[in-house]
Protein chains: 2
Amino acid sequence: MNPDQSFKDVFLPVQGGRASEDIALKLEAAILDGRLNPGERLPSEREMQVQFGTGRGVVREAIQVLKQKGLLEVRKGAKGGAYVRRLNVANVSESLALFLKQHPVGREQLIEFRESMDQTITLLAIARATPDEKAHLLAEALRFEALLREPKPDLAISGELDRQLNIMLARMARNSLFEWVMQALQLGFSSHDHALYEDPRYRDRAAANWRDTARAIADNEPLRALSYIGRHYGLLRQCVAQMQDSAADQEMPLFSDTSRLF
Amino acid sequence: MNPDQSFKDVFLPVQGGRASEDIALKLEAAILDGRLNPGERLPSEREMQVQFGTGRGVVREAIQVLKQKGLLEVRKGAKGGAYVRRLNVANVSESLALFLKQHPVGREQLIEFRESMDQTITLLAIARATPDEKAHLLAEALRFEALLREPKPDLAISGELDRQLNIMLARMARNSLFEWVMQALQLGFSSHDHALYEDPRYRDRAAANWRDTARAIADNEPLRALSYIGRHYGLLRQCVAQMQDSAADQEMPLFSDTSRLF
DNA sequence: ACGCACAATATGGTAGTACCAATGAATCCC
DNA sequence: GGGATTCATTGGTACTACCATATTGTGCGT
């Protein structure tokens, strides 16, 4: 098949009703099956307008949709235009976070889910990760612990490090799905863990627990590791329950006036 | 990240660069915090065009984005317009499926992930589901088995029933996250299970195994249930491996997982 | 020849208008 | 009173013009 021909096939006039959707679907299909690769640049809007035989508006709307999906990146100015982009988990996380905002899930459900994932991840990591990786995880856990023992630890940095530890562990499980799901959950809901390290009463215990977990993994002790995982989530449950109690009087104001929006 | 939430600002024209994004963010925020509820209708495009002080194009683009996100549903004609919609898992599944199309994950990784989820789900379901639910699951599993024992079973119906069984089981775990994640995975990747029921050599065994699993759950026998779960995925692994052998000439690279390290 | 300011150009972003298409409601005719 | 017709509302599309911005080229001055 002539690559030029297949490339030009993407930009054919649409006949159906919803022109912008058709164009978006054509472009998406072209990207997904490799006729358009990440980094490549689509023709300019005015050019596509001609090649699709439509107005510029529908081309723009199609580009908007694909941009929102994370498939395109649009730049202004000369040599600008729509560039094919490689998807990353952030798009899935965003979609998931949006969904969970309309379908609020209980804290306990979220903790429970993550706990079960972490258990599996830990077992897989012990079985599959290299000794170097395990040593590195332990070293990072120790660094994390030392950082949290500072008199005034930087919570932003420590939160990021905690996130990194989780991702590192998930990666050691040698199954991208665990890594991605954990990442997606964390991107939208790191607030709970944040609380754990904010409170000085839990901070040290949580950090020490991370260290023990990493050591158990490095020592190839699955049951001990699982025990520490359970302890981590036990602390988390205790912490969020306590925060909920102490902040019981703080009431969120209700927004019920739709008239002010327009 | 921090849009100005002063309520009066929504009346004013946008001054920054991306007007359509601003409008989309405003509307999304209004939907998420309840100022616009599912079923409600937004003003017409021409009306919003005036109220936002912009052209109609940017309003349309904003609506397109929110429609793509699943937050709006647009109808034509009189009494048409943009209606606020309640999100469902399908949007997350779609996003996940799109991501996985650009980051192909190995069959084994997918099976492994689902197996670990199913194990947890099964344990939770045994502990939490009512006897009625367990009896119902068993009844459906028996119906499923009977259907697959027909001389020429309808694979479309049986596939749907298998999906229903999985969702039912996930629901019995009393944690929506498991249900949603399983649903999201199934919506995009039911092809593997389909293969299991296509091959007559595996069909009967897989169906009988579903029945045994359901019975073990109904009998509150967690270890036996886990054993059957393992057997199910063992069959699935064997089946897809066999199909891969028989179609060895058709090679598809499953590992493009060469993501860079940070 | 070099470098910096300035102009030209390409391209997305926005505004505005006009018209088409579909849909539901009001109206009219039998 | 009921069915067909007309009408108004509203999204869908086309076209044009202009603005904002970023890259590229050009020319002037040193």
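In the predicted model, 39 salt bridges are found over all chains, a salt bridge being a side-chain nitrogen of Lys or Arg within 4 Å of a carboxyl oxygen of Asp or Glu. One of them pairs B:Lys67 with A:Glu21, with closest N and O atoms 3.1 Å apart. This pair joins two chains, since B:Lys67 lies in helix H3 of chain B and A:Glu21 in helix H2 of chain A; helices are DSSP runs (H or I, at least four residues) and strands likewise (E, at least two), numbered from the N terminus. B:Lys67 is partly exposed at 28% relative accessibility, and A:Glu21 is partly exposed at 32% (buried, under 20% relative accessible area; exposed, over 50%; partly exposed, in between; 1.4 Å probe, protein chains only). Within chain B, the side chains of B:Asp199 and B:Arg201 form a salt bridge at 2.6 Å, N to O, and B:Asp199 is buried, with a relative accessible area of 15%. A network of salt bridges with shared partners links A:Glu45, A:Arg56, A:Arg60 and B:Glu61.

This is a predicted model, in which local features need pLDDT of at least 70 and side-chain atom pairs count only at pLDDT 80 or more, whereas totals for chains, interfaces and linings use all residues. Residues are numbered from 1 along each chain as its sequence is written, chains are lettered from A and ligands numbered from 1 in the order in which they are written, and side-chain values use heavy atoms, with hydrogens and water left out.

Between chain B and chain A, the contact (heavy atoms within 4.5 Å) takes 65 residues from chain B and 54 residues from chain A. The two chains bury about 5,500 Å², 62% of it on carbon and sulfur atoms; buried area is the accessible area (1.4 Å probe) lost on being put together, summed over both parts. Eight salt bridges are counted between chain B and chain A, including that of B:Glu21 with A:Lys67 (3.0 Å, N to O). On the side of chain B that touches chain A, H4(B) gives the largest share, 11 residues.

DNA strand D is surrounded by 26 residues, counted as near if one heavy atom lies within 4 Å. Sugar and phosphate account for 66% of the atoms of DNA strand D that come within 4 Å of the protein. A polar side-chain atom of B:Arg46 lies 2.9 Å from a base nitrogen of DNA strand D, while an N or O atom in the side chain of B:Arg60 is 2.9 Å from a phosphate oxygen.

How values were computed:
Polar contact = N/O pair within 3.5 Å; in protein donor to acceptor, adjacent residues only side chain to side chain.
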